[in-house]
Amino acid sequence: MRRNIAVILAGGIGSRVGGKTPKQLLPLADGRSVLENAVDAFEKAPCIDEIAIVMHPEWMDEAKNICEKNNWRKVMKIIPGGNERWESSWHAILAYTEEESQMSLWFHDAARPFVSQRILSDIAVTLEQHDAVTVAVPVTDTLYKVRRNDVQGIKEVETIPLRADFMRAQTPQAFHFDTVFQAYVRAIESETVLATDDAGIVRKYAPTTKIFIVQGEEANRKITYSEDLK
């Protein structure tokens with residue numbers, strides 16, 4: 001039976017929030033940190049067998065302290081993150097290459113602490129039939145494709161695409177291990193990793209792999225600025 005391993009990506013420093021403490025360690029309205037809320041969702045999910053936390057190297061000890069305080073039984077690894085998001089994901093993939101391949105890795109932004117059990121359950125069901133699954137919500141605002149006006153230094157509207165053709169990506173993004181491993185190997189061999197998330201890596205470097213979408217939720221929002229903590 002395939003094991004589901006959640007990789008909580010908490011390696012960033014959250015510069016847009018401000019301050020010296022990474023945003024994933026800042027408290028939410030319930031008094032507990034962003035990271036604690038994010039990990040709790042996977043700790044409680046029946047479909048998740050194991051959790052790995054990818055943490056900024058300078059905050060590894062703090063992550064260990066948080067794990068001990070919460071007595072999480074599923075957290076088995078704390079992995080140092082990289083300079084870029086893809087590097088942090090790759091570090092997690094490498095941490096599992098010596099284990100059995102019958103598993104799936106779920107990559108989740110620690111900065112999304114409100115992921116629901118419904119989303120996690122739907123991903124698990126979809127992964128039983130498909131190699132790659134992501135989460136997204138419909139776009140509700142009108143989108144502009146823009147071009148830069150070099151003379152005035154401002155942007156102009158070039159086209160207005162149909163918003164029904166677009167969705168906004170969320171996490172988790174989950175993959176059978178061999179699928180995401182091979183995609184990352186090809187990405188690194190290319191010497192220029194051109195993707196902003198794990199689904200982007202798989203889409204670009206394993207283009208024959210179909211990525212299926214689970215309906216997300218507006219509540220599954222990302223903490224980006226200090227006001228998002230409220």
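## Nonpolar cores

The largest nonpolar core holds 32 residues, and those touching the most other members are Ile8, Leu35, Phe42, Ile51, Ile53, Trp106 and Ile123. Elements giving two or more residues to this core are β1, α1 (34–44), β2, α2 (60–70), α4 (117–127) and β5 (132–138). Helix α4 supplies the largest share, 5 residues. A second, separate core has 26 residues, including Val7, Ile79, Ile93 and Met103. Such a core is a set of buried Ala, Val, Leu, Ile, Met, Phe, Trp, Tyr and Cys residues joined through side-chain atoms within 4.5 Å. Buried means under 20% relative accessible area, exposed means over 50%, and partly exposed lies in between (1.4 Å probe, protein chains only). In soluble globular proteins, nonpolar side chains tend to be buried together.

Residues up to four places away in sequence aside, Leu35 touches Ile8, Ala10, Gln24, Leu25, Ile53, Met55, Ile66 and Ala110. Contact here means heavy atoms within 4.5 Å.

## Basis of the model

This is a predicted model: local features need pLDDT of at least 70, side-chain atom pairs count only at pLDDT 80 or more, and totals for chains, interfaces and linings use all residues. Residues are numbered from 1 along each chain as its sequence is written, and side-chain values use heavy atoms, with hydrogens and water left out.

Helices (H or I, at least four residues) and strands (E, at least two) are DSSP runs, numbered from the N terminus.

## Salt bridges

The count comes to 15 salt bridges. Each is a side-chain nitrogen of Lys or Arg within 4 Å of a carboxyl oxygen of Asp or Glu. One of them joins Glu50 and Arg3, at 2.5 Å from N to O. This pair links distant parts of the chain: Glu50 is in strand β2 (residues 50–55), Arg3 is in strand β1 (residues 3–10), and 47 residues separate them. Glu50 counts as buried because its relative accessibility is 7%. Arg3, at 23%, counts as partly exposed.

Arg147 bridges to Glu158, with the closest N and O atoms 4.0 Å apart. Arg147 lies in strand β6 (residues 145–149) and Glu158 in strand β7, so the pair ties together parts 11 residues apart in sequence. Arg147 is partly exposed at 39% relative accessibility. Glu158 is partly exposed too, with a relative accessible area of 36%. Arg112 and Asp109 form a further salt bridge, their closest N and O atoms being 3.8 Å apart. Arg112 and Asp109 are both buried.

## Surface patch

Tyr144, Val146, Val157 and Ile160 make a nonpolar surface patch of about 380 Å². Patches are made of residues with over 30% relative accessible area and no salt bridge; like charges are joined within 9 Å, and nonpolar side chains (Val, Leu, Ile, Met, Phe, Trp, Tyr) within 5 Å. Accessible areas come from the Shrake-Rupley method with a 1.4 Å probe; for residues, only the protein chains shown count as cover. Val157 sits in strand β7 (residues 154–159). Its relative accessibility of 40% makes Val157 partly exposed.

## Trp86

Trp86 belongs to helix α3 (residues 85–95). It is partly exposed, with a relative accessible area of 23%. Beyond its neighbours within four places in sequence, Trp86 contacts Tyr184, Ile188, Val193 and Ile201. Val125 is 39 residues from Trp86 along the chain, and their C-alpha atoms are separated by 26 Å.
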